[in-house]
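I opened the notebook for a new entry and loaded the coordinates. I wanted to go from the whole chain down to single residues.

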Amino acid sequence: MTKLTEHFTLEEFIRSTTANKLKIDNSVPADLMPNVQLTAIKLELVRKVLGKPIIITSGYRCSALNSRVGGVSTSAHTKGLAVDFKSSFGTPKEICQQLVDAGVQFDKLIQEHNQWVHIGFSPTHNRQIVLTAVKQDGKTVYLSGLK
């Protein structure tokens, strides 16, 4: 097991049932490891603010995996700068509200379909974008703010 920080391992960042099923190599390239390390460090703060463990449901995605799971080509997941997660802290909306209220620095925070939280970071400039993803007419639509 490759420990990135006190509470996060590289294995958590690359674990994917889709990649395993489709035999996709989801290893992080060496040039993206600093991004994954930065994300793990930022997730330690998220964990501290929530006061509960967080479970990464989707971390780094190689382009092949990202394509197979329907991710956009510009996804921060493909750069090692985003994760989707859950926590026993509360609902995705409650988690997002807590992170906003605590002043956590992020690039993008998305409450996704009342199912999970997406958080992305930037190594240079975090934009503090907060969105809610909902289905409308079978398509995912992103609304500004927390709904």
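What percentage of the 147 residues in the protein chain is made up of buried residues? I looked this up first, and buried residues make up 43%. I note here that the model is predicted.

**Entry: overall shape**

I took the radius of gyration of the protein chain, which is 15 Å. A compact globule of 147 residues would have a value near 15 Å, so the chain agrees with that expectation. Along the principal axes, I get a C-alpha trace of about 40 × 35 × 30 Å. The accessible surface is about 8,000 Å², and carbon and sulfur atoms hold 52% of it.

I then counted secondary structure: five helices and six strands. In sequence order, I read the pattern as α-α-α-β-α-β-α-β-β-β-β. For contacts with a separation of 6 or more, I find that 53% are between residues 24 or more positions apart.

**Entry: helix 3**

I checked the length of helix 3, residues 33-50. Its 18 residues should span 26 Å at 1.5 Å a residue, and the end C-alpha atoms are 25 Å apart, which agrees. Just after the helix, I see Gly51 with a positive phi of about 70°.

Which residues of helix 3 are buried? I list Asn35, Val36, Thr39, Ala40, Leu43, Glu44, Val46 and Leu50. These buried residues pack against helix 1 (10-14), strand 1, strand 2, helix 5 and strand 4.

**Entry: nonpolar core**

I looked up the largest nonpolar core, which has 31 residues. The residues with the most contacts inside it are Phe13, Leu43, Val46, Phe85, Leu99 and Ile119. I find two or more core residues from each of helix 1, helix 3, strand 1, strand 2, helix 5 and strand 4. Helix 3 gives the largest share, five residues.

Not counting residues up to four places away in sequence, Val46 touches Ile54, Phe85, Leu99, Val104, Ile119 and Phe121.

**Entry: salt bridges**

How many salt bridges does the structure hold? I find two.

I took Asp84 and Arg61 as one of them, with the closest N and O atoms 3.4 Å apart. This pair links distant parts of the chain, 23 residues apart. Asp84 is in strand 2 (residues 82-87), while Arg61 is in the loop between strand 1 (54-58) and helix 4 (63-68). I checked burial for both partners, and both Asp84 and Arg61 are buried.

I also recorded a salt bridge between the side chains of Arg127 and Asp107, at 2.8 Å from N to O. That pair also links distant parts of the chain, 20 residues apart. I place Arg127 in the loop between strand 4 (116-120) and strand 5 (129-136), and Asp107 in the loop between helix 5 (92-101) and strand 3 (108-112). Arg127 has 45% relative accessibility, so I count it as partly exposed. Asp107 has 13%, so I count it as buried.

I located His118 in strand 4. Is His118 buried or exposed? It is buried, because its relative accessible area is 9%, and the cut-off for buried is under 20%. Leaving aside neighbours within four places in sequence, I find His118 in contact with His77, Ala82, Val83, Asp84, Lys108, Leu109, Ile110 and Glu112. One of the salt-bridge residues, Asp84, is in that list. His118 and Lys108 are ten residues apart in sequence, and I get 7.7 Å between their C-alpha atoms.

I located Asn66 in helix 4. Asn66 is buried, with a relative accessible area of 3%. With neighbours within four places left aside, I find Asn66 in contact with Arg61, Gly71, Val72, Ser73, Ser75 and Thr78.

I looked for positive phi values. Most residues other than glycine have a negative phi. His113 has a positive phi of about 55° although it is not a glycine, and Asn114, also not a glycine, has a positive phi near 55°. I place His113 in the loop between strand 3 and strand 4, and Asn114 is in the loop between strand 3 and strand 4 as well. I checked their accessibility: His113 is partly exposed at 22%, whereas Asn114 counts as exposed at 55%.

Notes
Residues numbered from 1 in each chain as written. Predicted model: local features only at pLDDT ≥ 70, side-chain atom pairs only at ≥ 80, totals over all residues. Heavy atoms only, no water. Salt bridge = Lys/Arg side-chain N within 4 Å of Asp/Glu carboxyl O. Helix = DSSP H or I, 4+ residues; strand = E, 2+ residues; numbered from the N terminus. Buried < 20%, exposed > 50% of the residue type's maximum accessible area, 1.4 Å probe, protein only. Expected span 1.5 Å × (residues − 1). Contact = heavy atoms within 4.5 Å. Core = buried A, V, L, I, M, F, W, Y, C linked by side-chain atoms within 4.5 Å. Rg over C-alpha atoms; globule rule 2.2 N^0.38 Å. Areas by Shrake-Rupley, 256 points an atom, 1.4 Å probe, with all protein chains shown as cover.
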